Amino acid sequence: MKQIFPGVYKIRGKIATENSTPGFRVYDEKLIKKGDKEYRIWDPYRSKLAAAILKGLRDLPFKRDSNVLYLGASSGTTASHVSDICSSGMIYCVEYSKRMMRNLFQVCEKKRNMIPILGDARYPETYFHNIAIVDVIYQDVAQPNQADILIRNSEKFSLNYAILAIKSRSINAVRSPKKIFREETEKLKERFNVMQVIDLRPYDKDHMLVNLKSR
Ligand SMILES: C[S@@+](CC[C@H](N)C(=O)[O-])C[C@H]1O[C@@H](n2cnc3c(N)ncnc32)[C@H](O)[C@@H]1O
């Protein structure tokens, strides 16, 4: 077993996080015991962040005590691994689907540093009062204007880093994904330095992951 980032390990060729809630699974992931610790195998086909790590992400902005605003938490697959990594921080999980929220609640009941927020990421003014400090934003919402949504959220907090999953096709089914992607990253440059852009294929063929640092 080898640590590849703080809180992220490589075990038998797969990546994993140390399970902060031993015995508890979020999405049927495999659990592996090593000594007195338990690790959750992190599936790159289910999580774009896991895919990005396997595709050569150079800097993971999450530290043990990072506070994270997670936009588009869905039922908590990736957010739960972020919660394992940032075990002394808080993960504010914004999700606007009530159906997803029901599943997310069950995860947040176990992983006590995950705070569910039923909200719309396009309108940070409706939920930012409930959030103390944010060091990193992780955004994975299938919405048009993804760069605008991230910039709007980043203006509410003095964060250091952001990670954005861009799904070009959801922005506009007609225009070329390459062009859309270029336009979105140009917008991001107003607020961030683009540290790395990662093509997630073969794990995910529709998305790029963009790793950003605040200017
Ligand atoms: C691709 S899924 C996220 C998967 C998740 N990040 C993971 O890796 O476990 C996108 C999620 O964003 C949510 N979503 C889309 N638009 C949103 C918005 N404006 N505000 C909040 N959530 C949104 C959807 O309901 C969906 O659950």
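Modeller: Before we start, a polar contact here is a pair of N or O atoms within 3.5 Å. Also, this is a predicted model.

Colleague: Got it. What does the ligand's nitrogen reach on tyrosine 96, and at what distance?

Modeller: A polar backbone atom of tyrosine 96, which lies 3.3 Å from a nitrogen atom of the ligand.

Colleague: How much of the ligand does the protein bury?

Modeller: On its own the ligand exposes 600 Å², and the protein buries 86% of that. The ligand takes up the space of the largest pocket.

Colleague: Which residues come nearest to the ligand?

Modeller: There are 17 residues around the ligand, and Tyr70, Thr78, Glu95, Asp120 and Ala121 come nearest. By type, the shell has five nonpolar, seven polar and five charged residues.

Colleague: Changing topic: where is arginine 112?

Modeller: In the loop between α3 (98-110) and β8 (114-118).

Colleague: Is arginine 112 buried or exposed?

Modeller: Arginine 112 counts as exposed because its relative accessibility is 64%, and the cut-off for exposed is over 50%.

Colleague: What does the arginine 112 side chain reach?

Modeller: The backbone oxygen of glutamate 109, at 3.0 Å.

Colleague: And how far is arginine 112 from alanine 162?

Modeller: Their C-alpha atoms are separated by 23 Å, and the two residues sit 50 residues apart along the chain.

Note on methods: Residues are numbered from 1 along each chain as its sequence is written. This is a predicted model: local features need pLDDT of at least 70, side-chain atom pairs count only at pLDDT 80 or more; totals for chains, interfaces and linings use all residues. Side-chain values use heavy atoms; hydrogens and water are left out. A residue is near a molecule or strand if one of its heavy atoms lies within 4 Å of it. A polar contact is a pair of N or O atoms within 3.5 Å; within protein, one must be able to donate a hydrogen and the other to accept it, and residues adjacent in sequence count only if both atoms are side-chain atoms. Accessible areas come from the Shrake-Rupley method with a 1.4 Å probe; for residues, only the protein chains shown count as cover. On a 1 Å grid over the protein atoms alone, a cavity is a set of points where a 1.4 Å probe fits but cannot get out, and a pocket is an open set with protein on both sides within 12 Å along at least five of seven lines; lining residues have an atom within 4 Å of a point. A molecule sits in a cavity or pocket if more than half of its atoms lie within 2 Å of its grid points. Ala, Val, Leu, Ile, Met, Phe, Trp, Tyr, Cys and Pro count as nonpolar, Asp, Glu, Lys and Arg as charged, and the others, Gly among them, as polar. Helices (H or I, at least four residues) and strands (E, at least two) are DSSP runs, numbered from the N terminus. Buried means under 20% relative accessible area, exposed over 50%, partly exposed in between (1.4 Å probe, protein chains only).
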